[in-house]
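Good morning, colleagues. Thank you for the time to present a structure that is new to this group.

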Amino acid sequence: MITAEAVIDFRALNRNYDTLKSRCEGQKVVAVIKGNAYGHNAVRTAKTLSQADMFAVSRIEEAIELRDAGIPQPILLLEGCFCAEDLKIAAAKNFHTAIHCEEQLKDLEQTTLAKPVTAWIKLDTGMHRLGVQPYELPDFVSRAEATKKLAGPVGFMSHFCCADDKSAKATAKQLDIFLKSTAPYPGPKTLANSAGILYWETSHLDYCRAGIALYGISPSEGITGAKLGLEPVMTLKTKLIAVRKHDANQPVGYGETWTSERDTYIGVIAMGYGDGFPRSAPSGTPVYINGRIVPISGRVSMDMITVDLGPDCQDKVGDSVEMWGKNLPVEKVAEAAGTIPYELVIKLANRIKKTYLD
Ligand SMILES: *Cc1c(COP(=O)(O)O)cnc(C)c1O
């Protein structure tokens, strides 16, 4: 018997890709599948998204795993190659590489490559995390092209810091800097992440990079993916392992952080921070059982969570419990736990069995 499982609905993933693609009106869509496809299994996700124009990951190990599994599309290394040896591998395996700093440009200049490589210069337009400054760009472009090691015209990328906030002034400013700086060059351009795709149409340019929205999750707080026309892909389920009569004024769990005000029944759920569920989720965090929401009551343990089932509960040991998914948006759980849904889905522990609906 499987106790705790993440059910991954790849039919929903496909529909989300198609929904985002249709929002993009002709632009290519890069499916961002770093972090094991945000916890959804990168190889299976890539195989499911056979219609994707391109994939993107963070580390070359992730790209190699996809290539070895037979994924044919170009794979973009969002932070580029971290050493010359990796650049050789990127060229040989048709990975697209970012160039965000002098060291990476020097590697391109000084390394002998078996085949030309596709490169995207990453521009810092305001995130101030990675990227070439606008005034450095002309020099980077001419030096990259002078190497004669590029498979095509150099591309351009940048990343939004605040696109999830529709009222942020930073986004228009970043777009403006990006367009002005890259205007002289013919290469392809990419700027939009999920929030850019959904909220900032003028940022779509040539390639859009869809991450969190692919998985049916909203990139911004206060709204669910469903409201944006997306369907949740992951449902995290487990079982009720005890239903206990509980007296008023008695505490539950470590630290006695929660005390019942009434006679009630406490449900004990086989799920905890050892499964990747956040220990920081306070009492009141929602859990879905038998058609209704009940609150976490008491501290999250390593393997168990206690919920207040109420005095009239009909729940039984063995009943199915949903921690997030089709019936309980992961956005709501993240908000209650003081985090973002990205962190919840990516942090599932290995002992959570994944099952796939194709
Ligand atoms: C992770 C990432 C994305 C995808 O972001 P989402 O918010 O998940 O859509 C796009 N571009 C870069 C550079 C990233 O690191």
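This is a predicted model: local features need pLDDT of at least 70, side-chain atom pairs count only at pLDDT 80 or more; totals for chains, interfaces and linings use all residues.

**Charged pairs, rings and a surface patch**

A search of the whole structure finds 15 salt bridges.

Next, please turn to Arg351 and Asp275. They form a salt bridge in which the closest N and O atoms are 2.6 Å apart. Arg351 sits in the loop between helix 11 (341-346) and strand 18 (353-357), and Asp275 in the loop between strand 13 and strand 14, so the pair ties together parts that are 76 residues apart in sequence. Arg351 is partly exposed, at 48% relative accessibility, whereas Asp275 counts as buried, at 4%. Salt bridges that share partners also join Glu102, Lys106, Glu109, Asp139 and Arg143 into one network.

The side chains of Lys180 and Asp176 meet at 3.0 Å, N to O. Both residues are in helix 8, four residues apart, and are therefore separated by about one helical turn. Lys180 is exposed, at 59% relative accessibility, and Asp176 is partly exposed, at 37%.

I now move to the aromatic residues. How many aromatic pairs does a search of the whole structure find? The search finds six. In one of them, the rings of Phe277 and Trp324 have centres 6.1 Å apart and planes at 20°, so the pair is stacked. Phe277 lies in the loop between strand 13 (264-270) and strand 14 (286-289), and Trp324 in strand 17 (residues 320-324), so the pair ties together parts that are 47 residues apart in sequence. Phe277 is buried, at 1% relative accessibility, and Trp324 is buried with a relative accessible area of 1%. Elsewhere, ring pairs link Tyr38, Tyr215 and Tyr342 into a cluster.

Finally, the surface. Asp164, Asp165, Glu221 and Glu335 form a negative patch there. Asp164 is found in the loop between strand 7 (155-157) and helix 8 (170-182), and is partly exposed, with a relative accessible area of 37%.

Conventions
Residues are numbered from 1 along each chain as its sequence is written. Side-chain values use heavy atoms; hydrogens and water are left out. Patches are made of residues with over 30% relative accessible area and no salt bridge: like charges are joined within 9 Å, nonpolar side chains (Val, Leu, Ile, Met, Phe, Trp, Tyr) within 5 Å. Accessible areas come from the Shrake-Rupley method with a 1.4 Å probe; for residues, only the protein chains shown count as cover. A salt bridge is a side-chain nitrogen of Lys or Arg within 4 Å of a carboxyl oxygen of Asp or Glu. Lys and Arg count as positive and Asp and Glu as negative; His and the chain ends are not counted. The place of a charge is taken as NZ of Lys, CZ of Arg, CG of Asp or CD of Glu. Helices (H or I, at least four residues) and strands (E, at least two) are DSSP runs, numbered from the N terminus. Buried means under 20% relative accessible area, exposed over 50%, partly exposed in between (1.4 Å probe, protein chains only). Rings of Phe, Tyr and Trp (its six-membered ring) pair if their centres lie within 6.5 Å; planes under 30 degrees apart count as stacked, over 60 as edge-to-face and the rest as tilted.
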